[in-house]
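Student: Could you take a close look at one part of this model with me? I would like the cut-offs stated along the way.

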Amino acid sequence: MVNNPSWCQSVSEFKQTVGSWCKNPTPDHMMNLAIFMDAKSVSGDETPLKEVRTHLNGYLDSDVGMLMSFARAVNQFDEDGCGFFAQILGQKKHKMDIKKMEIFPVVHGTRALALKAKISKTNTSERIAWLSQMGLIEQQLKLSQDVSEALAYLMNTRLKNGLLALKHNQELAPNHIDTENLSTLERDLLKDALQVVKRFKHHVSSQFNLHHA
């Protein structure tokens, strides 16, 4: 990013850039906004970043359409008959991308809710905790706790599967898991995690009226 002119701008220029993203919510602009949402200051003065964030927040109350466009990506990789459940039930044998299908919806769904709530946290777990405290993720159904635990399990499964593939010199694309290598317990835990992700995607879709978009 430090070598990319689009991301090396003065505060006033970056405010204009962020404004153009919001006014014209193309897929590329929403991707840039997602990147900016996860930005954090690691050295020096944090004031410029905070100033641009405050400027961004000014667009949120009056631009429901932009928020819908931003959140819509949570359903970008919706499962079909070739999804995880089909594999776990033995209907399919090929490998699946756990990051696209299950981790991304949680990370981006949380990011979208944080944007709507003007939460400045950049860590997904911290965002979930804040959203829960604000009542934006159902506490009575333990959704916030379930989502945190499901995300931790999915990321751990992704890591273990990648390390196993390296150990046995197997050709496995990044983020892909082979459900045939999972134990019965691991399959059960994965099914539970996927159900939680499905509930969370439905919750995000309801928050942004994506079912009617």
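Tutor: What follows is a look at the largest pocket and then at the salt bridges. This is a predicted model, in which local features need pLDDT of at least 70 and side-chain atom pairs count only at pLDDT 80 or more, while totals for chains, interfaces and linings use all residues. Residues are numbered from 1 along each chain as its sequence is written, and side-chain values use heavy atoms, with hydrogens and water left out.

The protein has nine helices and two strands (DSSP runs numbered from the N terminus: H or I of at least four residues, E of at least two). Their order along the sequence is α-α-α-α-α-β-α-α-α-β-α. Of its 213 residues, 39% count as buried (under 20% relative accessible area; exposed is over 50%, partly exposed in between, with a 1.4 Å probe and protein chains only).

The largest pocket holds about 540 Å³ of space (an open set of points on a 1 Å grid where a 1.4 Å probe fits, with protein on both sides within 12 Å along at least five of seven lines; lining residues have an atom within 4 Å of a point). Among the 20 lining residues, Trp-7, Phe-14, Phe-36, Ala-39 and Leu-49 are the closest to the centre of the pocket. Helix 1 (11-23), helix 2 (27-37) and helix 3 (47-60) each provide at least two lining residues, and helix 3 contributes the most, with three. Sorted by class, the lining has 13 nonpolar, four polar and three charged residues (nonpolar: Ala, Val, Leu, Ile, Met, Phe, Trp, Tyr, Cys and Pro; charged: Asp, Glu, Lys and Arg; polar: the others, Gly among them).

Phe-14 belongs to helix 1 and has a relative accessible area of 8%, so it is buried. The C-alpha atom of Phe-14 is 9.8 Å from that of His-55, although the two are 41 residues apart along the chain.

From the pocket we can move on to the charged pairs. The structure holds seven salt bridges (a side-chain nitrogen of Lys or Arg within 4 Å of a carboxyl oxygen of Asp or Glu). In one of them, Asp-38 pairs with Arg-111, with the closest N and O atoms 2.7 Å apart. Because Asp-38 sits in the loop between helix 2 and helix 3 and Arg-111 in helix 6, this pair ties together parts that are 73 residues apart in sequence. Asp-38 is partly exposed at 30% relative accessibility, whereas Arg-111 is buried at 9%.

Another salt bridge joins Asp-146 and Arg-199, with a closest N to O separation of 3.2 Å. This pair also links distant parts of the chain, Asp-146 being in helix 8 and Arg-199 in helix 9, 53 residues apart. Asp-146 is buried at 15% relative accessible area, while Arg-199 is partly exposed at 34%.

Asp-188 and Lys-191 make a salt bridge as well, their closest N and O atoms lying 3.7 Å apart. Because they are three residues apart in helix 9, about one helical turn separates them. Asp-188 is partly exposed at 35% relative accessibility, and Lys-191 is partly exposed at 27%. Finally, salt bridges with shared partners connect Asp-38, Arg-111 and Arg-127 in one network.

Definitions and conventions: Points joined across faces, edges and corners; volume = space filled by probe spheres on them.
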